[in-house]
Amino acid sequence: MQRGSDRLSVRKDDEMKHELQGLLRSGHPTRVEEWHDPEPGADDDPEIASGPVPAVGSLGADEHLRVELARHLGRAAFPAKRRDLVHTLSERHAPDRLIDLVNGLPADGAYGSAREIVNAVSRRS
């Protein structure tokens, strides 16, 4: 027995199901107006945006270091040399251990991402 507390009528509900049928069957947007569709990820979005988010505590030491560096440096800092990275970390009040790690890298190296910094630190250790 329906008590009338539904937000939509039975007719409107069936109409909405019919509208969604194409989307559910095709697996991709079926709207004519593109502005209705969600935007796809950008080319420079971090990998984590397109993949599953790791559970808390599941990151290894290298991944934890990469996340910390990326959090303090951001995308605008890259590509950069050691001097620029240390300056950016200092400006953004990064922990001293991060600044010391980056300061220990070769001065002539250029780094395009936080992952490259972590790889250089791992090779140095």
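This briefing describes the overall architecture of the chain and two of its residues, Leu24 and Glu68. The model is predicted. The chain holds six helices and two strands, and buried residues account for 19% of its 125 residues.

**Overall architecture**
- When contacts between residues at least 6 apart in sequence are considered, 49% of them join residues at least 24 apart.

- Leu24 lies in helix H1, which spans residues 10-26.
- Leu24 counts as exposed because its relative accessibility is 68%, and the cut-off for exposed residues is over 50%.
- Together with Leu20 and Leu23, Leu24 forms a nonpolar patch on the surface.
- The accessible area of Leu20, Leu23 and Leu24 together is about 280 Å².

- Glu68 is located in helix H3, which covers residues 61-73.
- Glu68 counts as buried because its relative accessibility is 12%, and the cut-off for buried residues is under 20%.
- The side chain of Glu68 is joined to the side chain of Arg71 by a polar contact of 2.9 Å.
- Leaving aside residues up to four places away in sequence, Glu68 touches Arg97 and Leu98.

Conventions:
Residues are numbered from 1 along each chain as its sequence is written. This is a predicted model: local features need pLDDT of at least 70, side-chain atom pairs count only at pLDDT 80 or more; totals for chains, interfaces and linings use all residues. Side-chain values use heavy atoms; hydrogens and water are left out. Patches are made of residues with over 30% relative accessible area and no salt bridge: like charges are joined within 9 Å, nonpolar side chains (Val, Leu, Ile, Met, Phe, Trp, Tyr) within 5 Å. Accessible areas come from the Shrake-Rupley method with a 1.4 Å probe; for residues, only the protein chains shown count as cover. A salt bridge is a side-chain nitrogen of Lys or Arg within 4 Å of a carboxyl oxygen of Asp or Glu. Helices (H or I, at least four residues) and strands (E, at least two) are DSSP runs, numbered from the N terminus. Buried means under 20% relative accessible area, exposed over 50%, partly exposed in between (1.4 Å probe, protein chains only). Contact means heavy atoms within 4.5 Å. A polar contact is a pair of N or O atoms within 3.5 Å; within protein, one must be able to donate a hydrogen and the other to accept it, and residues adjacent in sequence count only if both atoms are side-chain atoms.
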